[in-house]
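Notebook open, model loaded. I wanted to look up an annotated site and what surrounds it.

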Amino acid sequence: MEKVILLSVIKHGEQPDIEELSGLVEALGYKVVGSVVQHRRSFDPSTYVGKGKIEELKRFAEVKDASLVVTYHNLSPSQIRNIEKATGLKVRDRTEIILDIFAERARTKEAKIQVELARCYHQLSRLRGKGKGLSRLGGGIGTRGPGETLLETESRAIRRRIHSLKREIEKYAKRRSLFTERRRKSGLITVAVAGYTNVGKSTLVRRLTGEDLFIKNIPFATLDTRTGRIFLRGINRKILITDTVGFIKDIPHELIASFKATLQEVADSDIVAVVYDITSPNLYTESEAVGKILKEIGASDKPRITVFNKIDLVEGKEELFRLMIAGKVKNSENSVFLSAKTGEGVGSFLTKVEEIVTTLSL
Ligand SMILES: Nc1nc2c(ncn2[C@@H]2O[C@H](COP(=O)(O)OP(=O)(O)OP(=O)(O)O)[C@@H](O)[C@H]2O)c(=O)[nH]1
Ligand SMILES: [Mg+2]
C-alpha cells in the first residue's frame with residue numbers, strides 16, 4: 001500500500017482541512033503516514049513550501065517510508081517538478097485526488113465524460129498558470145523557444161478534447177431540460193436533496209422512495225442524480241425527489257464547471273433540502289461551502305428545508321445539539337432533525353415538504 005505524506009501551507013486566515021484531505025487520500029486506498037505544514041504569507045513560487053521545509057519533508061518521508069506527497073493547494077508543473085527533484089517523491093495535489101475519486105466512482109457514461117472534462121480543465125489551468133514558468137525554458141519573452149511551442153501544442157490538444165467532451169455533455173443536458181420541461185408542464189413538484197458529501201442524502205432518498213441507491217461511508221458515493229417518487233399523504237399529492245452529488249469545500253472549480261449538467265438538477269428543482277450530518281465537527285465551514293455552491297449554480301433563492309441528519313448518533317443529547325447547531329449553520333431555514341437510517345423524524349420532514357408544496361401551489 002502506497003504511503004503518503006500530506007503537505008500544506010497555512011496562509012493567514014485560511015484553514016486547510018488536513019483531516020478531510022486525509023480522508024480523501026485514504027478513500028483511494030493509500031495510507032496517510034503523516035503531514036507537514038508550514039505557516040507562510042504566500043506560497044514559495046518554486047517549491048510551494050520553503051526550502052528548509054522541503055528538506056524536512058524528505059527526511060520525514062525516509063523515516064516513514066513514504067513515496068507520495070499530496071498537497072492541499074493546486075501546484076504548478078514546475079513546483080511539482082522541483083519538489084519531486086528535491087525529495088525523490090511523487091507529488092500530487094488535492095484536486096487530482098478528488099478527480100481520481102470521481103473517476104473511480106463514475107458509473108454512467110455521462111459521469112465519466114464529466115470527470116474527463118474536469119481533468120482536461122485541470123491540466124489546462126496548470127499549463128496556463130505555468131505558462132510563465134515553462135516559456136522561460138524557451139528563452140526570453142517574445143521569442144518562440146521549444147518550451148513555448150510544446151506548451152502551445154499541448155494546450156491546443158486539450159482544448160480540442162474539451163470542445164468535443166462539451167458537445168457530448170450538451171446532448172445529456174438537452175435530454176435533461178426536455179425532461180424538466182415535461183415535468184413542469186405536468187405540475188409535478190421536485191425536491192432536490194443536496195448537501196456536503198457523506199451526510200446521508202442517498203440514505204434519506206432511499207428511505208422516502210424505496211429506490212435502490214448506492215450508500216457507503218465514503219466521500220462521493222453518488223456521482224449521478226437519481227429521481228424517485230414520493231406520495232404526500234397529508235395533501236394527497238405525488239412529488240419527485242432527486243438525489244444529487246455531494247459538495248466539498250474548496251471545491252475544484254473544474255468540477256463545478258464539468259458537473260454543471262448534473263448540478264443543474266438542483267437549480268431546476270422547486271425545493272432544495274440541504275442535508276447536514278449533525279455529528280460533523282465542521283458544520284460551520286460545511287454550511288459555508290454549501291451556501292457558496294448553491295449560489296454558484298443559481299439555487300440559493302429556492303425554498304429551502306434544512307435537514308439535520310443522523311440524530312440516532314446523539315440519542316438523548318438531541319436538545320443540546322439543537323442549541324449548538326443554532327449558531328453554527330448558516331441559512332438554516334425550516335430545519336428538521338431526523339435519522340435517515342432509523343426513520344425517526346422523517347415524518348416531520350414530509351410535513352415541511354407538504355407545507356412548502358402547498359404554498360407553491362397557491
Ligand atoms: N448513524 C447514521 N448513519 C447514517 C444516517 N444516514 C446516513 N448514514 C450513513 O452515512 C454514510 C453516508 O451515507 P450516504 O447516504 O451514502 O451519504 P450521501 O450524502 O449520499 O454521500 P455522498 O453520495 O457520498 O455524497 C453511510 O455509511 C450511511 O449508512 C443516519 O441517519 N444515521
Ligand atoms: Mg449519495
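I started with threonine 222: leaving aside neighbours within four places in sequence, it is in contact with Ser202, Phe214, Asp243, Thr244, Val245 and Gly246. Contact here means heavy atoms within 4.5 Å.

Ground rules before going on. I'm working on a predicted model, where local features need pLDDT of at least 70, side-chain atom pairs count only at pLDDT 80 or more, and totals for chains, interfaces and linings use all residues. Residues are numbered from 1 along each chain as its sequence is written, chains are lettered from A and ligands numbered from 1 in the order in which they are written, and side-chain values use heavy atoms, with hydrogens and water left out.

Where does threonine 222 sit? I found it in the loop between H8 and strand S6 (226-232); helices (H or I, at least four residues) and strands (E, at least two) are DSSP runs numbered from the N terminus. Threonine 222 is buried at 14% relative accessibility (buried is under 20% relative accessible area, 1.4 Å probe, protein chains only).

Next, serine 202. I placed it in helix H8 (residues 201-209), and it is buried too, at 8%. Residues up to four places away aside, serine 202 touches Leu213, Phe214, Ile215, Thr222 and Asp243.

I then checked the pair: their side chains make a polar contact of 2.8 Å (N or O atoms within 3.5 Å; within protein, one able to donate a hydrogen and the other to accept it, with sequence-adjacent residues counting only if both atoms are side-chain atoms).

Last, the record: an unreviewed UniProt entry lists Ser202 and Thr222 under "binding site".

Terms used. UniProt positions renumbered as here; feature names shortened; annotations may be inferred. Buried < 20%, exposed > 50% of the residue type's maximum accessible area, 1.4 Å probe, protein only.
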